[in-house]
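Please keep the sequence and the 3D view at hand while reading.

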Amino acid sequence: MFKLKVLLILSLLFTNITHADEPYVEDSLLEKISNKYKIYAKKRFELLQETLDNVRYKSDLEKLEAVNDFFNEVRYSSDIKVYGKSDYWATPWEFLGKDRGDCEDYVISKYFALKYLEVDYKKLFFTYVRSTKFKEPHMVLTYFETPKSEPLVLDNYNRKIFPASQRKDLTPIYNFNGDILDEADKKNEKSHKKWDELKLNMQRKKI
Amino acid sequence: MTLYKQTALLLSLFLLIILTTVLVLNFQSVNRGVEERLYEDAKNTATSLSLSLGGANGDLSMMSTMINANFDSGNYRKIALVDVENNPLYERVTESDLVVVPKWFTKLVALRAPVAFANVSAGWSQVGILHIQSDSTYAYKQLYSILMDLLISFAIIAALSLAVLNLLLHAILRPLKEVQKQATAITKNEFIIQENIPYTKELSDVVLGMNNMVSKVKAMFDKGNEELKAHKELEYTDEDTQLRNRKYLIDRLPAYLKVDASYEGGVNMIVAFNGINEANERIGHQQVDKLFVAIAEIFRKSTRDINESIVARINGTEFSIFLPGYSESDAIKLAKSIQKSCFNAIDSAGLNQHETFVCIGIYEYNHKNSISELFSRSDNALAQAKFNNEHIHLEKTDTAVEVMGKVAWKQLINKAIEKSRFSFVSWAVVDIKNMKTVHHVLSINLILDKNSSYGYAQFMAPAIRSGLSCDIYKKIVTMLFNDSVSLLGASTYSLRLPQEYLQKQETYHEISELLRANASMLAFKLIIELPDRLVRQDSKNIREYIELFRRYSIDIGIFEFIGESEDYQYLKELRPSYIKAQSSYFLTQSDQSISSLRLITDSIGISLIAVGVSDMETLEMLREKGISIVQGKITETLELD
């Protein structure tokens, strides 16, 4: 039994070390991003890596703040302006590469960065909300400490993280987590149209 | 299997495999489409229902009501709501009773209705996950209907395709059928020229090649035919009188001097002219030759109405008038008439009747006489005639002392016919080139008791005399077809059928009935030998026989061939397996005649067989003449492989 425990710990340690060594954006992809979006884009990704490395062993809250702060520095721009489409879910590489995007793009980039930092993805949700201030549909990333606890809202309009109850300007409509749905039905490759498209683009390393 | 069948089978198989594959793929695609549709429906419902459930603010009773309302619409197999920790909150499941489609179909098609999931929240809070699975009943019904439609469509397409394929193959392979027909004809030694040259290059080359070959073989045959006819004229005809010559008579005599000859006996008349040298001196050679032409005409006229008579000039001054079945009294009358006519002719030629006159020796022969016996006895009669006043002398044949009288033979043969007391015996016909038996010739014995029997030569002459030969043949032909299994010793047998039997009115019907009933059960290959004399007549009767034998795959052989036909085209029509002639016939033929005969027979695949070969000397002479298949006593002494 003791041997088994030692083996388990060793394997976990090895996994962590291996993961820690892996950059958020691999070198070859970074090279491509650099070629496409020039040197400043590369610098942004290097800065992101540095930010993520700094909070790697910190609490979830610190990770949330670091990631939220980092991505909220990106300029907002509508999909129609950036991609010529009314609604497009950009990959984190497109978002940071272009250094602009709309609310879904912030949510996506924050979600995958936090996943990289090993924040339990089951605690994270893409939340469709209505902004009462701008009177328009909006999306934020929500973090649930426990399934029944009050979520924290990571928004790009209001750059600071607040508990949901303090965000009176937002009316929640629908929570969604593609990974959870995928896990519920591993046989089916489809779960959510936009999420499925995004997964495909990520697999293809779309930049 | 023919090329048509092989191609048709292969293409049909190919077509059916393609159609089946298309059918299966089509159905699988439809199946996938239906499954996808089921999922999409479930997914759409899951999303919209999950949004609706969000409005219930986590009130389970409200959410259950909403789920019930959706579920009862009847298009779902399962709707379940689980909380964030995967504990069931509410569930509705229905069991589909798939009565709309046969059971075999549900077993055959495993339709998987996928489950769609959606997150359910109430305000900012998580409620859980909604599971929705569509009801597959409708999908099964739809799939079954599609499968039936597909099957019907494909069955129609397959039937139409096969019909078109069949038509196309027939059209494409029609020239090949013609080629095959021509090739089969060549194998059977039938030579046809294909007029329609196929369009397909390969087939056209084959047809042109075969046409060329057939033309050459035809030319060979025609050349042989012409040459043989020319040689026959030279070899069998007396140049001055256009009568037959001695050689012809000698070649024809074996057919009359044999145990089963049509006539038991007859008359051979030798007409000799005396004082020809004096006549030559008196009126000159040319006038004497004219006298002989006039005399030949007298002979022709005198024998015109006598059946099977042969008039031959046997040397410069002697003529033979051979009259089978002719009586001595008629012969004397005929001799006197001929003598008188000759005297008149001599007189008209301006010759002295005391110096130049005619002597006639008549020999009443018996069919058991040999040729030399016939000639020596005839010469003897002529010698006697020269010394008597009338210059006509009749010499009678020695009457052999018969052990049994005519009546006793008749009774014995009748009883044998009645009790089937005949047994088959056979002897080999051997190809001396490779020392192998070609076939066995059948003969018959008349059984007396367990230990003794009469041979064919012994009982056949009395049978002919008693008019029972046809009855014997009728009996043995019946025995042969009804009990062929008892002759299992060899693979091929030949049976000689005499002219008298074949020409009998009821024989054709009897043989055709026997063949109809027994030909398929014949335990060996049978060759029926027909006399050349009968075959070359090309009568309706003989054509019917040939047609009949061919219908039952019975080969035909020719016996007693002496090559006296005016034309040998009948051999091309008949295409016998072989021609049998006396060994003496082959030996007395000139090399040119044999060569011409070989040209004819080789071009249409006929073997030449020499019969009556009894010693090695004859065998060697035949070999030198190129005749390598022999029949006769010699075959008993040959060591076969």
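Which residue in the turn between S3(B) and S4(B) has a positive phi? The residue is B:Gly123, with a phi of about 65°, in a hairpin that leaves 2 residues between the two strands.

## Basis of the description

This is a predicted model, in which local features need pLDDT of at least 70 and side-chain atom pairs count only at pLDDT 80 or more, while totals for chains, interfaces and linings use all residues. Residues are numbered from 1 along each chain as its sequence is written, and chains are lettered from A and ligands numbered from 1 in the order in which they are written.

Chain B contains 21 helices and 19 strands; these are DSSP runs, numbered from the N terminus, with helices (H or I) of at least four residues and strands (E) of at least two. Of its 641 residues, 33% are buried, where buried denotes 20 or more other C-beta atoms within 10 Å of a residue's own, C-beta atoms being placed from the backbone. Two residues are in contact if their C-beta atoms, placed from the backbone, lie within 7 Å. Among the contacts of chain B with a separation of 6 or more, 71% join residues 24 or more positions apart.

Two strands are said to pair if DSSP finds at least two bridges between them.

Strand S3 (residues 115-122) of chain B has 7 of its 8 residues buried. Antiparallel to strand S4 (residues 125-134), S3(B) is joined to that strand by 8 bridges, and B:Ala116 has B:Ile132 as its bridge partner. Strand S1 (residues 76-83) of chain B is linked to S2(B) by 5 antiparallel bridges, with B:Leu81 opposite B:Tyr90.

## A kinked helix

Helix H4 (residues 137-187) of chain B has a kink of about 45° at B:Leu173, shortly before the proline B:Pro175. The bend at a residue is the angle between axes fitted to the seven residues ending there and the seven starting there. Buried residues of H4(B) include B:Thr137, B:Tyr140 and B:Val179. The buried residues of this helix pack against helix H1 (3-54), helix H3 (103-108) and helix H5 (201-236) of chain B.

A nonpolar core is a set of buried Ala, Val, Leu, Ile, Met, Phe, Trp, Tyr and Cys residues joined through C-beta atoms within 7 Å. The largest has 65 residues, and B:Ile579, B:Ile609, B:Ala610 and B:Val630 have the most contacts inside it. A second, separate core of 47 residues includes B:Val288 and B:Ile362.

B:Val630 stands opposite B:Val430, in the antiparallel pairing of S11(B) with strand S19 (residues 629-631) over 3 bridges. Strand S11 (residues 422-431) of chain B is also joined to strand S12 (residues 436-447) by 10 antiparallel bridges. These two strands form a hairpin with 4 residues between them, where B:Met435 has a positive phi of about 50°.

An open, antiparallel sheet of 5 strands in chain A has the order S6-S5-S4-S3-S7. Strands S6 (162-163) and S7 (170-176) of chain A stand at its edges, each with a single partner strand, so one side of each is left without a neighbour in the sheet.

Between the chains, 19 residues of chain A are in contact with 15 residues of chain B. S7(A) gives the most to the side of chain A that touches chain B, with 5 residues. The residues of that side comprise 11 nonpolar, 5 polar and 3 charged; Ala, Val, Leu, Ile, Met, Phe, Trp, Tyr, Cys and Pro count as nonpolar, Asp, Glu, Lys and Arg as charged, and the others, Gly among them, as polar.

Key:
Buried ≥ 20, exposed ≤ 12 C-beta atoms within 10 Å, placed from the backbone.
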